[in-house]
Each structure stands twice: as C-alpha cells, then as structure tokens.
Amino acid sequence: MQINQHYSGLTDAQVIESRKQHGENILTPPKKESLWTQFLEKLTDPIIVILLIALLLSTGISCYKFFTGHGTASVFFEPAGILIAVLLATVVGFLFEVSANKKFEVLNKVNNDTLVKVIRNGNICQITKKEVVVGDMVMLETGDEVPADGELLEAVSLQINESTLTGEPVIRKTVNRADFDKEATYPSNSALKSTTVADGHGIMQVLKVGDATEYGKVYEGAQIDSSVKTPLNRQLNSLATLIARASYAIAGLIIAGRLLWFFTDTEPFEWITFGSFLLQTVMIAVTVIVVAIPEGLPMSVTLSLALSMKRMLNANNLVRKMHACETMGATTVICTDKTGTLTQNQMKIYETKFYGTDGISDLIKESIAANSTAYLDCSDPAKIKVLGNPTEGALLLWLRENSIDYLPLRKEAKIVEQLTFSTERKYMATIVNSSLLGKKVLYVKGAPEIVLDLCKTLPVAKEVVNTQLIEYQNKAMRTLGFACQIIEDDKEYFKDGKLENAHPAFLGIVAISDPVRLEVPDAVKNCQKAGIDVKIVTGDTSGTAREIGRQIGLWQENESAEHHITGTEFAAMSDEELLERVLSLKIVSRARPMDKQRLVQLLQQKGEVVSVTGDGTNDAPALNAAQVGLSMGDGTSVAKEASDITILDNSFSSITRAIMWGRSLYQNIQRFILFQMTINVAACIIVLIGAFLGMETPLTVTQMLWVNLIMDTFAALALASLPPSEKVMNSKPRKTSDFIISKLMWKSILGAGIFFVVLLFGLIQYFKHAEITTLTDFSIASFGRNFFNFAHGNGLSPYELSLFFTIFVMLQFWNMFNAKAFLTGKSAFAAIGKSNGFLAIALAILIGQWLIVTIGGQMFNVVPLKFSDWGIIIGITSLVLWFGESIRLLKVRPSI
C-alpha cells in the first residue's frame with residue numbers, strides 16, 4: 001500500500017494526551033446484575049408477593065398454636081408448604097435463565113486485541129484496536145475491520161461493508177466531495193467503527209473512539225432499560241389483584257359475619273370467651289386466604305415457560321429471557337431488518353446475459369477469474385465465505401455453482417497489468433497472458449453504461465442492453481458489464497489510471513442481488529394470515545427496500561406512498577405526526593439505528609406488541625426496546641446482547657414457529673388457570689360455608705398442599721406438554737387488555753366450582769349423619785334427606801375423611817381432561833396418541849393419590865380405602881369428564 005509520505009501521525013506524547021482527553025477505544029460494558037439480584041427479582045411477581053404475605057400470616061398462626069400448646073410441630077406444615085411453593089416457582093425460572101445466558105455467552109465474545117496499522121512518529125506500526133486514540137492515522141486495507149470513527153484522507157477504490165450499521169453490504173467511499181452520495185446514511189468520506197473494508201485501501205484520521213463512536217452510541221442505546229411489561233405479566237398482575245381482593249374480602253366477610261353472629265348471641269358476654277372466639281375467627285380467615293391463593297400457579301407458569309424454552313431451543317430458538325416464549329404469541333407487529341434477516345447477506349448472480357454464446361465461454365471464465373481481486377474461503381464447504389469485494393465474490397460463487405474452479409484459471413492467466421476498480425472510473429481492467437487463447441487479452445468489467453461506451457463492437461443493439469438494464473435496476477439489482485479485447489500489438493493500453501487505445505468487444509451483463517431467503521415469503525404470508533403486521537426497517541436505499549418488499553409479498557405495485565417513509569423524513573417528523581401514520585407504514589428505508597428504536601416506541605404507544613428482528617449493530621436499540629427482540633445466530637455481538645431470543649438457524653420461518661409456540665403456550669396457561677381456579681373456588685366456598693355453620697373443613701393443610709402444589713404442578717406439566725397447534729395461526733393476536741380469564745372460562749370455573757361445592761357439601765352432611773365404611777352402602781335417599789340437616793351429627797370418621805379427600809381429588813383429575821379440551825372444540829381424547837406426556841402425568845397423579853391414601857397415614861390424616869371404593873370413586877367422578885364430552889359433542893365450540 002502506497003502512502004503519502006507527508007503523514008507523520010501522532011507523537012508518543014500526543015497519544016498520551018489524546019487518551020487522557022478522549023478516553024480509550026473500548027466500549028463501556030453494561031452493568032450485569034449479580035445472581036443474587038436476578039433471583040430476588042423473581043420474588044417481585046405479584047402472585048409470589050401474595051404468597052409471601054400468606055406465608056407470613058400462616059407462620060404467625062402456626063407459631064401461636066405451637067408455643068401455646070394448641071398444636072404439635074405439624075402445624076408448621078402449612079407455612080413450610082407455602083415456602084416450598086415460593087422457592088420452586090422462583091428457583092426453576094432463575095436456573096433456566098442462568099443456563100440460557102451461559103449458552104448465549106459462548107456465542108457472544110468480543111475481541112479488542114486485534115492488530116491495526118497506524119502511522120505514529122512518522123513510522124508505520126501495529127497496535128491493538130483498544131490502543132487507537134483520536135488523531136491517529138489508521139491504514140485501511142481489504143479485509144480490515146475499521147477500529148474507530150474517522151474521516152478518510154485517502155481512498156483508493158475503497159468500498160466498505162456497512163451492513164452492521166446501515167444494512168448496506170457495499171458502500172463506495174471517496175474523498176472527492178463532487179462524488180459524494182447525497183442519499184448515503186453516513187458521509188461518503190467517513191469510515192465507521194465495526195464496519196469492514198470490502199475492497200481497496202485508504203488512510204483515515206480517527207475522530208471518535210469508544211463510546212463516542214456511532215457503534216458506541218448504538219451499543220449504549222442497546223443497554224438503556226427500555227423494557228416494558230409483557231402482556232402475560234400485565235394479565236397475571238390483574239389476576240393476582242383479583243385473587244388478593246377476593247380472598248381479603250371473603251376473609252373480612254368471615255370476620256364481620258362471625259363477630260355479628262357472636263354479639264347477637266343471647267349468652268352473657270365474657271372477655272375470655274370473646275378472645276378465644278376472635279382468635280378462632282382470625283385463624284379461619286387466614287385459612288381462607290391460604291386456600292384462595294393458587295400456590296401452584298407461579299410454579300406452573302414457570303414450568304410451562306421453562307418447558308417451552310427447552311422445546312424452542314430444539315426448534316433453533318435460543319430463548320434468553322423466559323417471558324419471551326409467551327410474549328411472541330401476543331405479537332401484533334414485527335419490525336424486521338432486511339440484510340441478513342430477509343435476505344441471505346451474500347451477493348449472488350441473479351441472471352447472466354452473455355451475448356453470442358450459449359454456454360460459458362473460455363473468455364467469460366477467464367475474465368471472471370483473472371479480472372478480480374476477491375477470493376473464496378472454502379474451508380467449510382457448507383458455508384463458503386467471500387474474502388474481498390462481495391460483488392466479485394458473487395461472480396466467483398457463480399463459477400463454482402457451474403463446477404468451474406477459478407483458482408487454476410487465475411493462476412494460469414499471468415497478469416501483465418491491472419487497473420483496480422475505482423469510484424472515479426467505475427470499471428476494472430486487467431491484461432493477462434491467456435493460457436486458454438495463447439495470447440494477451442484485455443478484460444474489462446464495471447458499470448454497464450461505462451463499459452458500453454468503451455466498446456466498439458456490440459453483439460446486439462445498445463437499446464436491447466439498456467432495456468435489460470432498466471429491468472434489472474427496477475428490481476434494485478446491481479449490474480456489471482463485461483468486455484474483452486485480444487491484444488496483438490505493443491501499444492500502451494493503460495495511461496494515467498485509464499484505458500488508452502482500447503476497443504473492446506462487449507460480452508454481456510450480469511445482474512447481482514442479495515437474494516431473499518427461500519422461506520421468507522411463506523413465513524411473511526403466515527404472519528399476515530395470523531393478523532400480524534410486518535414492517536421492513538432498513539438502512540438500505542428506498543428502491544432496494546421496496547423491491548425486497550415486493551419479493552416477500554409485502555409491497556404491491558400500486559402501493560400508496562403513505563406506506564413508505566425514508567429515515568430523513570421520519571427524523572424530521574414529530575411524534576404526534578408519526579403516531580397518525582405509524583400503523584400504516586410498511587417500509588422505512590435509509591433508517592438510522594435510533595430511528596428504529598423510535599419506531600418501536602411509537603408503535604408501543606399505539607398499544608402494539610412489537611417484536612424486532614435483526615442481525616446488525618444498528619438493530620440493537622430497537623431489539624432492546626421491543627417486547628421481544630430476535631437476533632440472528634450469525635449476527636453481531638451487540639445485536640445478540642440486546643435480544644431476548646437468538647434464531648440459531650437465521651430462518652425467518654423460525655419466527656413464525658416461535659409465534660405459534662407462544663400462542664399455544666398462552667392457551668395452555670389459560671387451561672391450567674381454568675383447572676386450578678376451579679379447585680380454589682370449590683375449596684374456598686366450602687371453608688366459607690363451614691365458617692358460618694361451625695363446621696371444620698374436612699381437608700387438612702397437608703391435603704390442600706398436595707392438591708394446590710404437587711398435583712397442580714403435575715397438571716401444569718401435563719397441560720404444558722400438549723403439542724402446539726398450527727390452528728392458533730388462523731386467528732388474530734389476542735388483545736393484551738383482555739383479562740386472562742375469559743367469559744367462557746368464568747362460566748366454566750363458577751359452574752364446575754359450584755357443582756363441586758354442592759356435591760362435596762352434601763357428602764359432608766351425609767357422612768356426618770351416617771356411619772360409612774364402604775361406598776357400596778351409599779344411599780341417594782339418605783344423601784338427600786341429610787343435605788339440609790345442620791345438626792352437629794357424629795363428625796367424620798378417618799375412613800369418611802379419606803373418601804372425601806379422594807373424591808375431591810378425583811373430581812379435579814377428570815376436570816383436567818376437560819381443561820385439556822378447552823378452546824379446541826374437540827373431544828378430550830382427540831389426538832390423545834400425540835399427548836404421551838399428558839397421559840403419563842395423568843397416570844402419575846392417579847398413582848400418587850393412591851400412594852398418599854394408602855401409606856400417607858397420620859401425616860395426611862388418611863386411611864387405606866377398599867379397592868371397591870376406588871372403583872366406585874373413579875367411575876362416579878368420571879361423570880365430570882363425560883358431562884364435558886357431551887357438551888363438546890353438541891358442538892358448543894368455545895372462543896375467547
């Protein structure tokens with residue numbers, strides 16, 4: 001590389017002074033939360049907070065009972081169970097996210113020790129990237145990564161890949177202001193940190209380092225806490241508020257009602273009697289609060305998210321933040337980058353038009369191989385990389401696709417002279433000693449209109465070529481023209497950096513594009529079918545953006561101009577103006593990094609749930625601001641750091657699969673809430689009735705913990721194991737303002753809950769007035785007579801308590817099958833063969849209940865039941881399922 005000798009660079013003293021004034025060329029790393037802080041954040045979940053309050057109240061009551069001699073150490077089972085519920089719900093989610101972050105860190109390593117060439121003290125020397133300071137003269141060559149932001153002092157055929165910042169793979173750079181691209185995102189004489197030199201060479205004076213660079217600003221923007229509450233968080237918050245208010249209201253009602261009952265009693269008032277009655281009343285109220293709270297819900301939601309997290313990894317979605325699994329299902333808008341996300345980020349030949357030949361002639365083969373400075377890295381045949389100019393690389397890839405190896409051709413064609421490509425002349429020319437023809441040959445390639453003007457011989461009319469060029473350019477493709485001349489004299493063909501005495505023959509043209517990924521059009525169509533808007537947000541030109549939009553089915557030929565805006569126009573408009581237009585936008589071209597972030601925030605103000613896809617540093621602020629940020633597996637480290645999910649296979653179709661998973665997961669969570677809230681409504685009403693009738697609840701604390709914690713956790717696993725349904729993609733995204741419990745769910749919860757209460761209350765009344773030793777002695781007539789018999793009776797025997805507990809559990813067991821069928825409109829047995837996980841867990845619950853009743857003994861206050869009674873219980877309680885099946889058979893199809 002030739003350099004102008006008058007550049008002396010900084011002295012050692014100036015380097016030290018510059019570093020003091022402007023800082024080092026390193027990015028300030030984001031503050032990482034300690035593991036302890038990450039764990040404590042899990043305790044801020046609203047339902048966990050309610051559980052912690054219940055834990056405090058339960059612990060106080062248990063301590064009172066134990067230390068006053070009113071109970072044994074078994075009174076601590078209840079607070080211990082609640083504590084276990086809290087720990088399981090928080091620890092499982094915490095461990096899954098820690099594990100995902102460890103996998104992510106392996107993908108995301110940054111190296112600041114790469115060497116760069118600088119001029120200092122009048123000499124060329126090598127230093128690490130982090131040692132570069134403001135004022136340094138940096139030498140840029142093909143393949144180099146630009147270490148900082150600066151102004152070009154020299155630029156010889158310089159092309160820079162700015163895809164990490166703007167989305168554009170090749171930007172021509174110049175120091176001649178007359179040749180500046182007025183539409184360019186950044187000035188044509190600038191070179192920016194993290195971009196790479198695709199071709200040519202130059203010298204840059206560093207103006208900004210570290211955090212002050214454009215890359216640094218984007219990196220900082222990616223760290224700003226722009227997080228918003230996820231739809232599921234908001235909906236669970238509403239559910240927690242409802243549960244808290246309802247449980248506290250019922251508890252208050254119990255206290256007020258029982259106090260009213262006490263003071264209306266005709267017996268004389270005694271403080272000791274009143275104190276004992278008040279304490280008993282408070283303990284009943286606390287029991288209602290504990291029973292009303294679904295201890296298993298946080299654990300169940302966490303398990304559902306964790307299971308989806310694991311399955312999505314198998315589908316090439318590395319989920320870093322657990323909430324993203326479900327939030328994808330609520331997505332209403334996807335803002336996607338173009339380069340590397342919709343397209344392959346690799347220039348390829350779209351079409352060739354070589355005139356006068358049917359195949360690939362020797363001249364064309366040699367022209368492409370010899371008149372080039374690019375190489376192919378074929379060390380990994382599955383992923384060939386272009387080294388050098390991407391456009392030239394596309395030509396070499398085309399030869400390879402046609403089973404032609406460019407290296408032997410280049411080696412045998414000895415270069416005599418060469419003019420590398422420059423923005424000034426817009427062509428490259430090489431004279432070689434051709435081994436194929438045995439003569440000297442001049443090969444020319446470059447901008448077709450320039451090459452055409454150089455040619456004296458045209459195989460077709462110039463108008464034919466121009467018509468073809470217009471067709472390609474309307475599709476936003478790059479075009480190259482090719483020409484050659486056999487040299488049979490000793491004339492000088494290169495003079496003052498230009499062709500002289502040359503009269504080449506025109507060979508033809510090629511169209512080059514960054515092709516759309518094959519799966520993208522169908523994936524975009526599926527998103528639109530699912531009611532999700534897709535918007536292209538790119539730093540590329542308007543023409544290119546619209547053409548890509550057309551290819552993926554987003555942009556129509558007669559599309560209104562209102563649906564497209566440039567970054568310059570976007571930045572000039574106020575938020576109020578943009579809010580009127582933001583929903584109708586389909587394409588934002590020439591967008592800068594912070595434009596993307598602003599677009600996301602404006603969409604969120606309109607109530608949209610936004611997912612952002614991208615692979616470049618320019619996408620990071622928007623990735624961070626979105627409810628779900630999706631980075632590509634081969635994207636930049638900054639993009640991946642800002643994202644919630646990394647698409648390992650870089651496939652846009654993986655995003656539609658993630659949406660399907662998210663929607664199915666939300667339905668599974670609804671199914672579980674339906675299942676568990678039915679239990680809690682039934683148990684809560686029984687305790688409430690008992691409080692006013694002077695009955696003790698027949699369910700012990702350990703039994704309720706089995707139902708609310710262990711059994712519910714199994715049920716959550718069973719419902720979470722249901723495979724995702726592709727049918728969820730046929731409906732529009734749910735409204736995030738909707739309550740998580742729909743009207744249909746309320747009907748089912750209250751209907752089933754009240755039915756269970758009537759049945760269970762009747763059983764209590766029946767057992768109180770009849771000595772039951774086996775269900776074969778059960779009498780319907782006696783059941784009816786005793787239903788309204790509120791006399792104290794004989795109390796429940798251990799066998800009767802065991803029967804009641806098992807009937808209570810089995811009612812819920814069969815109701816779990818109804819929950820499985822919820823929202824499907826199909827039988828609970830539909831596709832049962834694909835639900836092996838569900839059946840296995842259902843069997844585990846059944847076996848678990850049998851073991852507890854058989855060997856649980858004093859801890860669970862149970863005795864073994866006769867096998868005949870097990871058969872009767874299973875048969876009779878299964879009517880819950882058959883009743884649900886009969887409703888579904890009548891085609892009462894549910895909808896949210």
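Trainee: How many bridges join strand β16 to strand β19?

Mentor: Keep in mind that this is a predicted model. Residues 478-487 make up β16 and residues 505-513 make up β19, and the two run antiparallel. Within that pairing, Gly-481 stands opposite Ile-509 in β19. The number of bridges joining β16 to β19 is 7.

Trainee: Which strands stand at the edges of the sheet?

Mentor: The sheet is open, with 6 strands in the order β10-β19-β16-β15-β14-β13 and antiparallel pairing. A strand at the edge has a single partner, so one side of it is left without a neighbour in the sheet. That applies to β10 (348-354) and β13 (414-419).

Trainee: Now the rings: are Phe-813 and Phe-817 stacked or edge-to-face?

Mentor: Their centres are 5.6 Å apart, and their planes make 65°. Planes over 60 degrees apart count as edge-to-face. So the pair Phe-813 and Phe-817 is edge-to-face.

Trainee: Is Phe-838 buried or exposed?

Mentor: Phe-838 sits in helix α27 and pairs with Phe-817 of helix α26, 21 residues apart. Buried means under 20% relative accessible area. Phe-838 has 0%, so it is buried.

Conventions
Residues are numbered from 1 along each chain as its sequence is written. This is a predicted model: local features need pLDDT of at least 70, side-chain atom pairs count only at pLDDT 80 or more; totals for chains, interfaces and linings use all residues. Side-chain values use heavy atoms; hydrogens and water are left out. Two strands pair if DSSP finds at least two bridges between them. Helices (H or I, at least four residues) and strands (E, at least two) are DSSP runs, numbered from the N terminus. Rings of Phe, Tyr and Trp (its six-membered ring) pair if their centres lie within 6.5 Å; planes under 30 degrees apart count as stacked, over 60 as edge-to-face and the rest as tilted. Buried means under 20% relative accessible area, exposed over 50%, partly exposed in between (1.4 Å probe, protein chains only).
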